[in-house]
Amino acid sequence: MLSTAKYKTLDAERIRQDFPILKRKVNNVPLIYFDNGATSQKPEQVINAITTYYQNFNANIHRGVHALSREATEAFEQARKTIADYFNVQNDQQLIFTAGTTDSLNIIAGGLGRSILKPGDEILLSSYEHHSNILPWQIWAEDHQGVIKAIPLKKNQSLDYDKIEDLITTKTKLISITHVSNTLGLVTDLEKIKEIAKKHNLIVVVDGAQSVPHMKVDLKELDVDFFVCSAHKMYGPTGTGLLYMSEKWLKKLPVSKPGGGTIKTVSFSKAEYAEGALRFEPGTPNIEGVIGFAEAVKYIQKIGIDSIHHHESELVNYAQDKLTQIPEVEVYGLSSEKAGVISFNVKKQHPFDVGTLLDKFGIAVRTGHHCTQPLMEILGVPGTVRISFGMYNTKAEVDFFIEKLRKTISMLQ
Ligand SMILES: Cc1ncc(COP(=O)(O)O)c(C=O)c1O
């Protein structure tokens, strides 16, 4: 998984200066933000881009003839180009702006569910999917006697790829799978998934919410039917995300979320829909969000995604190593090739108690089921403590966290 591309070692201390929130204190101690999997912090560049938009050219986009509307439209469409460039997508119309990963998955499931999927069809997911990649399929399945199957995990919590073929029948139509588990940080082998999908002619949907913040994603090379992600997990604003679809689906996917802007003509009896991205972008979009998203992508490009990836991999391995030396700690999905995320529990302690005490030391971690309840059931726990890194985290922060975790454990005994 680790890219062999040339990269510059990143200067986390320097990067931290760009993130105003990292200067603040929590409970009178400097904030340590280890909840990047939920949402990352935003650099000044992103915050300024949003402010600039509101202060200088706030207007609704597309169809406006006045100067502000033209400027806002230009910034919005330029953002599409910037992001398409970053993900190596030649036709920027294949990138549809949505409210985020959840919204994108709902649009895909809603569209495929209208006429592509047939009653009784079967859908493959993995056992470590986020709820947002389960529920839209489940709703479709409930209404159409569909069947959902989950790829099982091995004892070490990695996906059991050898079991996939056993789950496939002539009714299997689609595999929708996360690129990186938001709970375990494990990276799905998409090449293997694509190989199996090709053999059985399956549609492939990839949830990239947790991969794009940590690793290079080249959508041309990946070459899947659909890929989705959220801006707010990659240093951009909340309420904005991407839905990438292949050229074939851009023409063929039925519209499931119609509205102003998605059409060419409308009468009371029928509508002719627009072509390209607009077809799937109803209503006034999140203009500030899209502008901020492009700025976040530029920021990542400036630092270098390979540098970010190597920095975070070092942090993961450093933290995992220290955590496994604490006898009371159990780490889930142990692997040296994780994307920024580690889940663990302190034996006999509820994750909420651990998280609450860590917060007293200014350390922000996430506790609970992380919207992966089926995975929690497999692990046999109510939840875990999750730490997840961003480009601004440091080994010194990991050391402080480990020290305070040891203290927390002794306080809870
Ligand atoms: C793997 C994965 N999929 C989907 C989502 C949902 O993302 P959003 O809340 O931005 O729509 C998340 C968020 O945590 C996630 O980690």
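Q: Which pocket does the space taken by the ligand correspond to?
A: Happy to start there. This is a predicted model, and in it the ligand takes up the space of the second largest pocket.

Q: Where do polar side-chain atoms of Gln 210 and Ser 230 lie relative to the ligand?
A: Look at the ligand's oxygen atoms. A polar side-chain atom of Ser 230 lies 2.6 Å from an oxygen atom of the ligand, and for a polar side-chain atom of Gln 210 the distance to a ligand oxygen is 2.7 Å. From Thr 101, a backbone N or O atom lies 3.5 Å from an oxygen atom of the ligand. As for cover, the ligand taken alone exposes 390 Å², and the protein buries 85% of that.

Q: How many aromatic pairs does the structure hold?
A: A pair of aromatic rings is described by the distance of the centres and the angle of the planes. This structure holds 13 such pairs. One of them joins Tyr 53 and Phe 57, edge-to-face, with 5.4 Å centre to centre and 75° between the planes.

Q: Is Tyr 53 buried or exposed?
A: Tyr 53 counts as buried because its relative accessibility is 2%. Phe 57 is buried too, at a relative accessible area of 13%.

Q: Which residues form one aromatic cluster?
A: Phe 19, Tyr 235, Tyr 299 and Tyr 392 do.

Conventions. Residues numbered from 1 in each chain as written. Predicted model: local features only at pLDDT ≥ 70, side-chain atom pairs only at ≥ 80, totals over all residues. Heavy atoms only, no water. Polar contact = N/O pair within 3.5 Å; in protein donor to acceptor, adjacent residues only side chain to side chain. Areas by Shrake-Rupley, 256 points an atom, 1.4 Å probe, with all protein chains shown as cover. 1 Å grid on protein atoms, 1.4 Å probe; cavity = no way out; pocket = protein on both sides within 12 Å on 5 of 7 lines; lining within 4 Å. Sits in = over half its atoms within 2 Å of the grid points. Phe/Tyr/Trp six-rings, centres within 6.5 Å; stacked < 30°, edge-to-face > 60°. Buried < 20%, exposed > 50% of the residue type's maximum accessible area, 1.4 Å probe, protein only.
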